[in-house]
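These are my notebook entries on one protein chain. I wrote down what I looked up, in the order in which I looked.

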Amino acid sequence: MSRVSLEEARALWEDASDDELKRLAQSVRARWHEPDRATYMVMRIINYTNVCVAQCDYCAFYVLPNAGGGYVLSREEVFAKIDELVELGGDLVAFNGGFNPRLPLDYYCELFGSVRERYGERVEFYALTIAEFVFLADRAGLSYADAAARLRDAGVHWVTGGGSEILTEDFRARHAKWKYTVADYFEAQKAIVESGMKTTATMVIGFDETLDERLEHLQRTRDFQDETGGLFSFLCWTYKPYGTAFGGREIAPREYWRHIALSRIFLDNIPHIRTSVLTQNEDAFRALDYGADDFDLPIEDEVTQKAGATIDLDLEGLLAIPRSLGYRVEYRRAERPAALASS
Ligand code: SF4
């Protein structure tokens with residue numbers, strides 16, 4: 001199958017049966033992965049601060065500075081969370097917090113440097129999302145290249161593509177006008193790639209985005225990968241509406257599965273398509289039949305839990321589900337970027 005155009009993707013979404021989407025997605029998946037193999041990680045998202053000035057209307061997590069209820073985790077609290085993850089068999093931490101104007105770039109460099117010093121290569125960490133990176137580079141008055149170099153030199157290997165939701169300027173204006181512009185997002189992500197660190201692509205569906213907006217997000221992602229080759233994976237999850245200003249309803253699992261298939265077919269240049277156990281629970285595993293090949297088993301994420309996500313800590317019970325669907329599941333360790341291999 002050759003690369004599908006935007007118009008062909010639109011036609012697939014509107015007209016293809018579930019079986020046809022599955023078949024096409026599995027054929028693209030098979031270029032990258034053994035058909036019956038799926039990989040996973042046990043990880044924890046550490047929400048180091050809930051103070052944020054971005055005020056996205058789909059967020060149930062943040063508090064404004066001085067509003068009361070705000071926190072910044074201490075170094076000891078961060079280490080305790082990582083130690084607990086290691087005891088549960090995990091080795092990946094993702095730091096994700098609000099746009100806290102009281103935390104300078106030095107705070108992040110010192111935090112990440114201390115994590116690298118304490119855990120070395122035993123634990124890998126996703127330092128920030130691109131969204132947070134844009135904010136802290138701008139506040140520091142640094143170019144994205146210089147801010148990326150500061151993080152890399154502090155021991156950071158990954159800055160993931162989180163916080164992207166839907167990457168169209170219209171969506172940003174409707175829901176998150178103080179977060180970043182799409183142009184800034186990709187400029188910052190390019191600087192991360194060029195610094196030698198690794199990054200990923202993400203997407204969240206189920207707000208009020210149109211099909212055109214979903215397709216534009218996929219097109220921009222594919223174009224970025226054609227240009228840079230820097231995206232290790234694409235993770236899509238679904239909006240949780242509870243306790244948010246925007247509200248709304250959750251989409252049905254079938255819509256999620258079909259979108260995963262369309263993403264696998266369209267993003268033919270990204271190695272891994274990841275399904276979201278955090279927001280789809282047991283239903284996430286059916287997405288393996290729709291082209292996904294990898295997933296996290298998260299043990300904590302306050303951001304999505306505040307908006308209604310539930311976390312199951314019976315990891316063996318969860319792994320039994322993809323096995324029952326016919327998949328060999330294997331643990332995957334986070335890779336170290338080749339460009340930083342000798343540092
Ligand atoms: S989604 Fe992130 S940037 Fe937006 S308000 Fe919530 S914490 Fe802040």
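**Entry 1: charges**

**Entry 2: what I am looking at**

I noted that this is a predicted model, in which local features need pLDDT of at least 70 and side-chain atom pairs count only at pLDDT 80 or more, whereas totals for chains, interfaces and linings use all residues. Residues are numbered from 1 along each chain as its sequence is written, and side-chain values use heavy atoms, with hydrogens and water left out.

**Entry 3: the whole protein**

I counted 13 helices and 9 strands in the protein. Both are DSSP runs numbered from the N terminus: helices are H or I with at least four residues, strands are E with at least two. The C-alpha trace spans about 50 × 40 × 40 Å along its principal axes.

I then checked the radius of gyration, taken over C-alpha atoms, against the globule rule of 2.2 Å times the number of residues to the power 0.38. A compact globule of 343 residues would have a value near 20 Å, and the protein has 19 Å, which agrees.

Of the 343 residues, 59% are buried. Buried means under 20% relative accessible area, exposed means over 50%, and partly exposed is in between (1.4 Å probe, protein chains only). The accessible surface of the protein comes to about 13500 Å², and 49% of that belongs to carbon and sulfur atoms. Such areas come from the Shrake-Rupley method with a 1.4 Å probe.

I also looked at contacts, meaning heavy atoms within 4.5 Å. Among contacts between residues at least 6 apart in sequence, 76% join residues at least 24 apart.

**Entry 4: helix α1**

Which residues of α1 are buried? In this helix, residues 6-15, I found A9, L12 and W13 buried. They cover an arc of only 95° around the axis, so they are on the same side of α1. The arc is that of the directions from the helix axis to the C-beta atoms. As background, an α-helix has 3.6 residues a turn, so residues three or four places apart point the same way.

The face turned away from the buried side of α1 carries the exposed residues E14 and D15. The cover over the buried residues of α1 includes α2 (18-32), α9 (211-228) and α10 (253-266).

**Entry 5: helix α13**

In α13, residues 315-324, the buried residues are L315, L318, L319 and P322. Their arc around the axis is only 95°, which puts them on the same side of α13. On the other side of α13, E316 and S324 are exposed. Among the elements that cover the buried residues of α13 are β1, β8 (294-298) and β9. G326 follows α13 and has a positive phi, near 100°.

**Entry 6: helix α5**

How many of the 11 residues of α5 are buried? The count is 8, so I call α5 (residues 130-140) mostly covered by the under 20% cut-off. The buried residues of α5 include I130, E132, F133 and L136. Just after α5, G141 takes a positive phi of about 70°.

Most residues other than glycine have a negative phi. Q55 has a positive phi of about 60° and is found in the loop between β1 (37-46) and α3 (75-87). At 35% relative accessibility, Q55 counts as partly exposed.

E165 has a positive phi of about 45° and lies in the loop between β4 (158-160) and α7 (169-175). With 7% relative accessibility, E165 counts as buried.

**Entry 7: E300**

Is E300 buried or exposed? At 17% relative accessibility, E300 counts as buried. Its place is in the loop between β8 and α12 (302-306). Leaving aside neighbours within four places in sequence, E300 is in contact with R44, I45, K81, Q305 and I311. The C-alpha atoms of E300 and G155 are separated by 24 Å, and the two residues are 145 residues apart along the chain.
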